[in-house]
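Hi everyone, thanks for coming. Please have a look at the sequence and the structure on the screen, and then I'll walk you through them.

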Amino acid sequence: MNLDPLIHAPARLAILSHLFVVESADATWLLAQTGLTWGNLSSHMTKLEEAKYIQVKKTFVDRKPTTILQMSTKGRRAFEAYREDMRQLIE
Amino acid sequence: MNDPLNLDSIEENAYRKSNLDDGIFDILIGFCLLLWAVSLHFDYGALGGIWFAVLFPTVAPIRKKLMLQRVGSAQPTPERQSKETKKRSTLIFTLAGTFLLGVAAFFLFAAKDGLVGDLAESMRGLGSSILAVPLVLISIMIAITYKLPRAFFYAFFVVASFSLVRFAETSDHWSQIHIAILLSAIAPIVTGTLLLRKYLHDHPVLLP
């Protein structure tokens, strides 16, 4: 069985599983929820964005720069497929 | 880190972390009770409801001000939003139902003395303690609906406060009611403050 290597990395799995349960979230929320560092999150974010699994939007909230992340439809499908593969592997 | 494949648990933990674990809600409830007690002391008991109505909308801005740079924010899914709306509606309907039942009971038993005089007498005997019932009910409802065990402790504290005042009082039950409510406010204020302190310590400002 071929598990999606892009999702299988623990940090990216944590990012995607948290983004999966919300509509969108800012980077601070992801940092607080996953316990990753800024550098770590940033590098994984880039990889996931390049694969079009997530969409990253830079915006301003109360005049402060904010990074908003949202899982794309492609990302959701890939994540669901990954979960299914894992389930089958465990069973 | 949560189990990355248990999405229900991730969603629940994320929701709790953003809405229930910081103690702000507890402090607010405590302050509402405190202000209600003060209003009662000055014979403006009806202001109790106004304090709740005025202070509750402040939760979101206070939380945003204190927490945005620490834990960020997330937009919940429409499913989650509808789940929360259902929970809130259940809570409000139960409270409204309890209130209406209370009013009905009052008119049925207390107002019609001749009909069921003994029951009316025993209800009067309960005096101010009867007010503990909705407070306890609200706490228990919150504990069950939001899976928040500390709300059971608040319910217990309300019972303890009203019992204490009832056993200590010498004259009219109603003249001491503000003390019972004041004591009831201590538990959520102290617990909320401790939770908030821990939360702020555990979640430093993350924005670079």
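**Two chains and how they pack**

Let's start with chain A: of its 91 residues, 35% are buried, where buried means 20 or more other C-beta atoms within 10 Å of a residue's own, exposed means 12 or fewer, and partly exposed is in between, with C-beta atoms placed from the backbone. Do keep in mind that this is a predicted model, in which local features need pLDDT of at least 70 and side-chain atom pairs count only at pLDDT 80 or more, while totals for chains, interfaces and linings use all residues. Residues are numbered from 1 along each chain as its sequence is written, and chains are lettered from A and ligands numbered from 1 in the order in which they are written.

Chain A has 5 helices and 3 strands; these are DSSP runs numbered from the N terminus, H or I of at least four residues for helices and E of at least two for strands. Along the sequence they follow the pattern α-α-β-α-α-β-β-α. The C-alpha trace of chain A spans about 50 × 25 × 20 Å along its principal axes.

Now, how many residues of chain A are in contact with chain B? There are 22, and they meet 20 residues of chain B, with a contact meaning C-beta atoms, placed from the backbone, within 7 Å. The largest share on the chain A side, 7 residues, comes from H3(A). By class, that side has 12 nonpolar, 7 polar and 3 charged residues. Here Ala, Val, Leu, Ile, Met, Phe, Trp, Tyr, Cys and Pro count as nonpolar, Asp, Glu, Lys and Arg as charged, and the others, Gly among them, as polar.

H3(A), residues 27–34, is mostly covered, with 7 of its 8 residues buried. Among them are A:Trp29 and A:Leu30. After H3(A) comes A:Gly35, with a positive phi near 80 degrees.

Also between the chains, H2(A) and H1(B) have axes that come within 9 Å and cross at roughly 75 degrees. Axes are lines fitted to C-alpha atoms, for helices over the stretch in contact, and angles run from 0 to 180 degrees between N-to-C directions. That makes the two helices, H2(A) and H1(B), roughly perpendicular; the classes are under 35 degrees for roughly parallel, over 145 for roughly antiparallel, 65 to 115 for roughly perpendicular, and oblique for the rest. A:Ser17, A:His18 and A:Phe20 meet B:Leu7, B:Ile10 and B:Ala14 there.

Within chain B, H7(B) and H8(B) pack at about 165 degrees with their axes 7 Å apart, and are therefore roughly antiparallel. The residues of their contact divide into 13 nonpolar, 1 polar and no charged.

Where does B:Lys147 lie? In the loop between H7 and H8 of chain B. B:Lys147 has a positive phi of about 50 degrees although it is not a glycine, and is exposed, with 11 other C-beta atoms within 10 Å. Chain A has a case too: A:Lys52, with a positive phi of about 65 degrees, in the loop between H4 and S2. Most residues other than glycine have a negative phi.

Conventions. Two residues are in contact if their C-beta atoms, placed from the backbone, lie within 7 Å.
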